[in-house]
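Reader: I am new to this kind of model and would like to learn how to read its features one at a time. Could you take me through them slowly, with the general idea first and then the case at hand?

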Amino acid sequence: MSPLTEAMVINGIVLISTLEADLGPHRKIGAFRIIRPLATVALVIPLFLQSPVTHGTGLLVELAGTAAGLLAGLIISSLMHVYRSPKTGKAASASGLPYAVAMILIVGARAAFSYGSVHWFNAQISTWCIAHQVSVAAITDGLIFMAIAMALTRTLSLAGRVSRLPAATAPQTRHAVAA
């Protein structure tokens, strides 16, 4: 698979799985909701990361991708409301249009960069890579690290916010008062 195809596959997986899991006014939060993104990341790493760069400017590119993913994950997380369902007392979340727009913009920007580096500004990025001794693989890895960091940050933030919810209370029932 070409690096561009790999990046697009990662972008698609992240966008679809995240929107499917999170978008809506009342999405229950259970073990599967937390484990699924973690399992997706565990599958992505061996499939798409061959040998990350461990030194020089390539390493800085990968670290920058990771930092951008952490920031994007925090932004996405801030657009999700986590609460206890008044009906069931179980953890739930709500996210709407701002969440969807932010996800699409972040993933779309990453996809546009990937596509553009091959089709729009290939000469410029090639010149930059040569000047700074950065391999194409390091840039691809940086984008993959961004996707992984974003998914992990969102998921771990969600899990942390659920753990800080107040304890569930018994559902309120109405009793008829005899006259």
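Reader: Which residue forms a salt bridge with Arg27, and how far apart are the closest N and O atoms?

Author: A word on the source comes before the answer: this is a predicted model, in which local features need pLDDT of at least 70 and side-chain atom pairs count only at pLDDT 80 or more, while totals for chains, interfaces and linings use all residues. Residues are numbered from 1 along each chain as its sequence is written, and side-chain values use heavy atoms, with hydrogens and water left out. A salt bridge is a side-chain nitrogen of Lys or Arg within 4 Å of a carboxyl oxygen of Asp or Glu. Here Arg27 forms one with Glu20, and the closest N and O atoms are 3.7 Å apart.

Reader: With which other residue does the side chain of Glu20 meet in a salt bridge?

Author: The side chain of Glu20 also meets that of Arg36, at 2.8 Å from N to O. This pair links distant parts of the chain, since Glu20 is in helix α1 and Arg36 in helix α2, 16 residues apart; helices here are DSSP runs (H or I, at least four residues), numbered from the N terminus. In total the structure holds four salt bridges.

Reader: Which parts of the chain does the salt bridge of Arg154 and Asp22 tie together?

Author: The side chains of Arg154 and Asp22 meet at 2.9 Å, N to O. Arg154 lies in helix α6 and Asp22 in helix α1, so the pair ties together parts that are 132 residues apart in sequence. Turning back to the shared partners, salt bridges join Glu20, Arg27 and Arg36 into one network.

Reader: Are Arg154 and Asp22 buried or exposed?

Author: Buried means under 20% relative accessible area, exposed means over 50%, and partly exposed is in between (1.4 Å probe, protein chains only). By that rule both Arg154 and Asp22 are buried. Glu20, by contrast, counts as partly exposed because its relative accessible area is 42%, and Arg27 is partly exposed at 27%, as is Arg36 at 24%.

Reader: Why does Arg33 count as buried, and what does Arg33 touch?

Author: Arg33, which lies in helix α2 (residues 31–48), counts as buried because its relative accessible area is 9%. Contact means heavy atoms within 4.5 Å, and, leaving aside residues up to four places away in sequence, Arg33 touches Ala21, Asp22, Arg27, Lys28, Met80, Ser93 and Leu158. For one of these, the backbone oxygen of Ala21 lies 3.2 Å from a polar atom of the Arg33 side chain.

Reader: How many residues does α1 have, and how far does α1 reach?

Author: The expected span of a helix is 1.5 Å times one less than its number of residues. Helix α1 has 20 residues and reaches 28 Å from its first C-alpha to its last, close to the 28 Å expected. Just after α1, Gly24 takes a positive phi of about 140 degrees.

Reader: How many residues of α6 are buried?

Author: Helix α6 (residues 136–163) is mostly covered, with 20 of its 28 residues buried. From first C-alpha to last, α6 reaches 40 Å, which is close to the 40 Å expected.

Reader: Where is Met1 placed, and is Met1 buried or exposed?

Author: Met1 is in the segment before α1 (3–22), and Met1 counts as exposed because its relative accessibility is 66%.

Methods. Helices (H or I, at least four residues) and strands (E, at least two) are DSSP runs, numbered from the N terminus. A polar contact is a pair of N or O atoms within 3.5 Å; within protein, one must be able to donate a hydrogen and the other to accept it, and residues adjacent in sequence count only if both atoms are side-chain atoms.
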